[in-house]
Amino acid sequence: MIAALAGLPARDAAALKIFLGMAFKGCHVVQAPATPGLALPRADVCIVDLAALGLAQWSPKAEADLLLCLGGQHALLLGAPGNATWQDKVHATGRHGAQRLAYLAKPYGRDAMREALDSLGLGQARSPAPTPAPAALAAPSPRDTAAPPPPTMPSVFASLQAVRTLFPDLQRHALLGKLLDLLATGQSHELRLTLHQALIVHPRQGWVAHNTSPEVLARLAQQGHTAIAMNARALDSEDDIQRRLVHMTARDNLDTFFWRLANDSLGQGLPAPTRDAELRLVCIPGFTRIAGVDDLALQLAAICLRLPQTLSSLRAAFPEADPGAIDRFVLLATLCGAGRLRLLDTPPRARHKARAERRPAPRAPKPHSPTPHRGFFRAMLQKLF
């Protein structure tokens, strides 16, 4: 599937690109210039910001100009909030011959975006849901054993000490800490959880196998002190790994497993970081394989994938978001291997204070001066996905 984006601000387009890649299998996104009268590139669907094309208000001429730009292609039209001129027209017709049109008012969320795209007949291209793990797990196939190491996991090795310096309270989550220690060795290990339950961690191939239910893992993660006495044993050969796999019943990708385990370990709270840090996202976390990912995580991933971001800059970009939720995303993205973390010298609060002290005192507003206008694209991004 090919999706052409026209007129969307860069940050919105980045977030939408992530969403389309997760929602529709093999989706390729191209960005087109928002030039009135210029035909859009050929695509399965065009997502068009009407205002950017100079077509914010419907009129017979505006409709004719839009159809000329689309060239008969299916399109999702994005309009301003409260503007019913296009909405009423599109909902009344929805078609121009074989061409299908849908309308979505800003600000929109991912559910509304998915529903609108499905109305254009794109649902059959959606990525399939992850298949459940089999009841029993035999030795991995030759394809599995020959698979190259996933590119994300080395960032955990490089960032592990930075994570522990930034969030020293992680030390009390013994199960998570023990598994991270095993992961940092780069060697395969078996970790005995109970007499009959165990985990096998294979860093080189990027998977973890276990015979433990998600509920038991979550309970052990939250009661981390019980992991102190758990016994870990190095698996020195592939034959040794194959013999231990016979007793395992499920296997997960290492990145999503660590995201879920860390999230369960932290529970509802996360202590404030000890200093500022910079996150460089090297890939998007496996959101399609992680249940319960919220809209904020998608927004943060979209921004961090484009350029490295600090904790303080993310808080400034999302002033209405819970700072703890931003800290949690940075931590989980690092632990799952999707991000690389670099510590900065100044603690977040001190950095903000230093900047405030260097900032000149605000001038008194001139009489009748207009109130500063908050950018609409930022307001929309707060609710995007």
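Reply: Start with handedness. A crossing is left-handed if the near helix is turned anticlockwise from the far one by less than a right angle, and right-handed if clockwise. Keep in mind that this is a predicted model. Here, α7 and α10 cross in the left-handed sense.

Me: Which residues of α7 and α10 make the contact?
Reply: From α7 come Leu175, Leu176, Leu179, Leu180 and Leu183. From α10 come Leu254, Phe257, Phe258, Leu261, Ala262 and Ser265. By class, the contact of α7 with α10 holds 10 nonpolar residues, 1 polar and no charged.

Me: At what angle do α7 and α10 pack, and how far apart are their axes?
Reply: Helix α7, residues 174-185, packs on α10 at about 155°, with the axes 10 Å apart. The pair is therefore roughly antiparallel, because angles over 145 degrees count that way.

Me: Let us take another pair. How do α10 and α13 cross, left-handed or right-handed?
Reply: The crossing of α10 and α13 is right-handed. Their axes come within 8 Å and cross at roughly 140°. That makes α10 oblique to α13.

Me: Which residues meet between α10 and α13?
Reply: On the α10 side they are Phe258, Trp259, Ala262, Asn263 and Leu266. On the α13 side they are Arg328, Phe329, Leu331, Leu332, Ala333 and Leu335. The contact of α10 with α13 divides into 9 nonpolar, 1 polar and 1 charged. Phe258 and Ala262 of α10 also belong to the contact with α7.

Me: What is the angle between α1 and α11?
Reply: It is about 115°, with the axes of α1 (residues 10-23) and α11 9 Å apart. The range from 65 to 115 degrees counts as roughly perpendicular. So α1 and α11 are roughly perpendicular to each other. Their crossing is right-handed.

Me: What does the contact of α1 with α11 consist of, by residue and by class?
Reply: In α1, Ala10, Arg11, Ala14, Ala15, Ile18 and Met22 take part. They meet Leu298, Ala301, Ala302, Ile303 and Arg306 in α11. The classes are 9 nonpolar, no polar and 2 charged.

Me: Which elements supply the lining of the largest pocket?
Reply: At least two residues each come from α8 (214-222), β11 (250-253), α10 (254-266), α11 (295-306) and α13 (323-335). Helix α10 gives the most, with 6 residues. The lining divides into 18 nonpolar, 7 polar and 7 charged residues. Trp259 and Asn263, named above for the pocket centre, also take part in the contact of α10 with α13.

Me: How many cavities of 30 Å³ or more are there?
Reply: The count comes to 1. About 40 Å³ of space lies in the largest cavity. Its lining is Arg164, Leu170, Gln171, His173, Leu176, Gly177 and Leu180. Helix α7 supplies the largest share, 3 residues. The classes are 3 nonpolar, 3 polar and 1 charged.

Methods. Residues numbered from 1 in each chain as written. Predicted model: local features only at pLDDT ≥ 70, side-chain atom pairs only at ≥ 80, totals over all residues. Heavy atoms only, no water. 1 Å grid on protein atoms, 1.4 Å probe; cavity = no way out; pocket = protein on both sides within 12 Å on 5 of 7 lines; lining within 4 Å. Helix = DSSP H or I, 4+ residues; strand = E, 2+ residues; numbered from the N terminus. Nonpolar A, V, L, I, M, F, W, Y, C, P; charged D, E, K, R; others polar. Axes fitted to C-alpha atoms, helices over the stretch in contact; angles between N-to-C directions. Parallel < 35°, antiparallel > 145°, perpendicular 65-115°, else oblique. Contact = heavy atoms within 4.5 Å. Points joined across faces, edges and corners; volume = space filled by probe spheres on them.
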